[in-house]
Amino acid sequence: MSEHWPHGALLVLGASEEQIALYQEARRRGIPTIAVDVRPDAPALPFADAALKISTRNTGAIADALGDARPAGIVGGASDAALASWHALGLRYGTPYVYPRGALAAGDKAAFHAIATSCGITGYGWTASDEPDKVVAEATRLRFPLVIKPADGSGSKGVTRVARSEDLHAAIAHARSYSTAQKTVIAEEFIQGRPLAVEVFMRDGRALMTCIKDKDFVGQTFVVRRLRTAQLAPAAHHQLEATVERLCRALGIANGPANFDVVLGADGQPQVIEANARLGGDGVPRLLAAYGVDVVRALIALALGEPFGDHLTPTRAAHAALELIGSPHATEGELITWEGVADARSIPGITDIELYAKPGDLVRPHDQSGHKIGLLVAAGPSGADALTALDTASALLRPVIRPKGES
């Protein structure tokens, strides 16, 4: 029996720092939550009313543990691992919103390239295979530099930029080590240009909300360090919105969130690199909330079968910027303390500071998205105002980390 599970609960697939906002919003509304995460120390677990210590990929085990309990709705955050379970469990329980099966193709970068091609969205070379030698043979025919990554990866894990064919074998082995199941590797021609992230929330097959953001990276990696609302000509904004709407419809996303990595080339043409058929990671919901767009509230409303459009209209400052905080060291270390937190919070324009690591925690190099230890968010009437506030607060807030091996 399942009397111990909260009645009318929202089942939340995942309990990483990216999902904290989902639990907070459910609690604000008085909706009990059941968290699903195999990690006993997952950061969002303290915000849940109950928890299943089960992998979000293990659909059968989740259903068995729930017994005859029927969730009122199911949501997931910035994690690809839970998407297949989100679809299957939604069908099983007949929830108001069922994650679309077609959207699962976005988790396979090779399949997504094929979908983009079918939509007439092409422009650069790529190849993919689960046979390393085949990837090498095909990749040598492409234009270098190349980006090598696992076809089913996320969070910048296992991604390498390769300038010479001699380095392909090592990059492919590295990518395969981060593949969760397929061991398929994709090699893509590296696109020079302006990196953008496009966040959309669809309603009835149209983008009800579109936010386009500029991206800055950590050093020469593909790990995001900063996001800020992009200033584009109206025609460029419209072209990008129309492109991602077309892709969402091809993925079967009539309602709900998706985000796309795009590079705007020197010729002004956008090249879509990959898609995530879910809420954006790297604190994107916090950035959107800074100017009054609440995709978390919208997603929970969608999951419960409620109207969600009112949450997607900007109500405050027109621009926002976000900085992800990571360790400045190239080796693991221990967080000793945070300095300047109160001073950073006091800066006009700062809307949010989240610290994911506490003193005594192990801190890893910021070489993948999951290794961030905090974030800062700022908003303002212009992009320059938001960036000024972010720069000022960033200079004040500092993690003090003792590298491993030092006394």
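Tutor: Strand 19 contributes the most to the lining of the second largest pocket, namely four residues. Strands here are DSSP runs of E with at least two residues, numbered from the N terminus. The model is predicted, with local features needing pLDDT of at least 70 and side-chain atom pairs pLDDT 80 or more, while totals for chains, interfaces and linings use all residues. Residues are numbered from 1 along each chain as its sequence is written, and side-chain values use heavy atoms, without hydrogens and water.

Student: What volume does the second largest pocket have?

Tutor: Rolling a probe the size of a water molecule over the atoms shows where empty space is left. A pocket is an open set of points on a 1 Å grid over the protein atoms alone, where a 1.4 Å probe fits, with protein on both sides within 12 Å along at least five of seven lines, and lining residues have an atom within 4 Å of a point. The second largest pocket has a volume of about 260 Å³, and of its 17 lining residues the closest to the centre are Ile325, Gly326, Pro328, Leu397 and Pro399. Strand 14 (319-325) and strand 19 (398-403) each supply at least two lining residues.

Student: How many disulfides are counted?

Tutor: A disulfide is a pair of cysteine sulfur atoms within 2.5 Å, and by this rule the count is zero. The sulfur of cysteine 119 lies 10 Å from the closest cysteine sulfur, in cysteine 248, which is too far for a bond.

Student: Is cysteine 248 buried or exposed?

Tutor: Buried means under 20% relative accessible area and exposed over 50%, with partly exposed in between (1.4 Å probe, protein chains only). Cysteine 248 counts as buried at 0% relative accessibility, and cysteine 119 is buried at 17%.

Terms used:
Grid points are joined across faces, edges and corners, and a volume is the space filled by probe spheres set on the points.
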